[in-house]
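Visitor: I have not looked at this one before. Can you walk me through it?

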Amino acid sequence: MTRRIGTALRVGMGALAALTWAAAAQAAPAAATAAPTPPMGWNSWNHFAGKIDDATVRAQADAMVASGLARAGYRYINIDDTWEGERDAQGVIHANSKFPDMKALADYVHSKGLKLGIYSSPGAKTCAGYAGSLGHEAQDARTYAEWGIDYLKYDLCSLTPSVEKAATLEQGQAIEAAAYEKMRNAIKATGRPMVYSLCQYGINQTWRWGASVGGDLWRTTGDISDRFSRMIQIGLSQAGLAKFQKPGHWNDPDMLEVGNGGMNATEYRTHMSLWAILAAPLLAGNDLTKMSPETLAILGDKGVIAIDQDPMGRQGDRLHAEGPLETWTRPLAGGAKAVGLFNLADRPAYMQVTTAELGLKGPAALHDVWADKDLGKQTTYRAIVPAHGVILLRVAAKPAA
Ligand code: GAL
């Protein structure tokens, strides 16, 4: 399932009441988070979809370490849909034949210093038609804990029609919230910390209530694909969502496509840069065992990762747009800023940004992140940005006057 309709319609309905509901949700005390910075790791879906098995997961864990990406901060190895087998007479879920021993797999991944993630649905069926957790939440959470699972992606899937059929926004939100809270409580009861990732494509403005039902992160959009137009549509649709995120509770514009072959290196740098400015989870979605040096350099860029993982944990937003020329900024710890000059046009374009636009007086020290080059102190920065490309700047904090 890649597209869901009805989101826009529902978003418009009962907006006032929803705001009240959301205000209450935001006021709820923040639970301790398993994801103090946006989670980094790998997920099987974008590249392998249904063709994922124990050996492939082990190979990805090996490659995560051997490539140096683990050292750069990537730590979750997440199995997505299609691992599920049958329930036994007691209702306990078992993995299918592709995963002969999930506990042994978790032990292996842990032995590499990494963490293992898994996937299920609050509905009866997952999106690929496998067994979901409906009616078995506590049992499944216990099974995951026994296996040694560290991360759960919980995908709305077969519950989606009932949410979309709800007569009002509040009813739709209530169905989703109840389903997600149930699993949150079940995980909590196991006593094993797990990152809890809500996947429901942003239906019913998840950003307004995701944190209150225990989400460490929540999807804000439908599925990404390995095309520039889709990636950029998803990235830009995050405008205005920064205020709903807080450290430990992240908006999730979906996993990375870097290295999957549908975009060129310039476009993948745009993808990484935008995700870093958005404080998005960085879940690589490629085959880590077959990465080109260029893909590795993009996924592993220290300066870009440092922006994504900035300790202040505040998502960035659009500063301004001029047709296809988009300027986005993100506040960083200590008063520094990240600035992305994105040229979405099909030809190179001049772009510029001034320190005044960034709320700074006079010249500031600029650093070109991808080139890893200091640009000196400047008041107006002007450069040619390649077609579909980005210049990502780190603007140093100004010393107090
Ligand atoms: C989609 C989800 C994808 C993937 C897929 C698996 O709904 O958004 O990220 O998990 O289901 O079937």
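Guide: Start with two helices: Phe228, Met231, Ile232, Ile234, Gly235 and Leu236 of α9 meet Glu267, Thr270, His271, Leu274 and Trp275 of α10. Contact means heavy atoms within 4.5 Å. Helices (H or I, at least four residues) and strands (E, at least two) are DSSP runs, numbered from the N terminus. This is a predicted model, where local features need pLDDT of at least 70 and side-chain atom pairs count only at pLDDT 80 or more, while totals for chains, interfaces and linings use all residues. Residues are numbered from 1 along each chain as its sequence is written, and side-chain values use heavy atoms, with hydrogens and water left out.

Visitor: At what angle do α9 and α10 pack?

Guide: Helix α9 (residues 228-236) and helix α10 (residues 265-277) pack at about 15°, with axes 10 Å apart. Axes are lines fitted to C-alpha atoms, for helices over the stretch in contact, and angles run from 0 to 180 degrees between N-to-C directions.

Visitor: New topic. How many aromatic pairs are there?

Guide: A search of the whole structure finds 8. In one of them, the ring centres of tryptophan 42 and phenylalanine 48 are 6.1 Å apart and the planes are at 65°, so this pair is edge-to-face. Rings of Phe, Tyr and Trp (its six-membered ring) pair if their centres lie within 6.5 Å; planes under 30 degrees apart are stacked, over 60 edge-to-face, and the rest tilted.

Visitor: Are tryptophan 42 and phenylalanine 48 buried or exposed?

Guide: Tryptophan 42 and phenylalanine 48 are both buried. Buried means under 20% relative accessible area, exposed over 50%, partly exposed in between (1.4 Å probe, protein chains only). Another edge-to-face pair is tyrosine 154 with tyrosine 180, at 5.7 Å centre to centre and 85° between the planes.

Visitor: Where do tyrosine 154 and tyrosine 180 lie?

Guide: Tyrosine 154 is in strand β6 (residues 151-155) and tyrosine 180 in helix α8 (residues 169-190), so the pair ties together parts 26 residues apart in sequence. Tyrosine 154 and tyrosine 180 are both buried.

Visitor: What about glutamate 176?

Guide: Glutamate 176 is also in helix α8. It counts as buried, at 0% relative accessibility. Beyond neighbours within four places in sequence, glutamate 176 contacts Leu156, Val163, Gln200, Ile203, Asn204 and Trp209.
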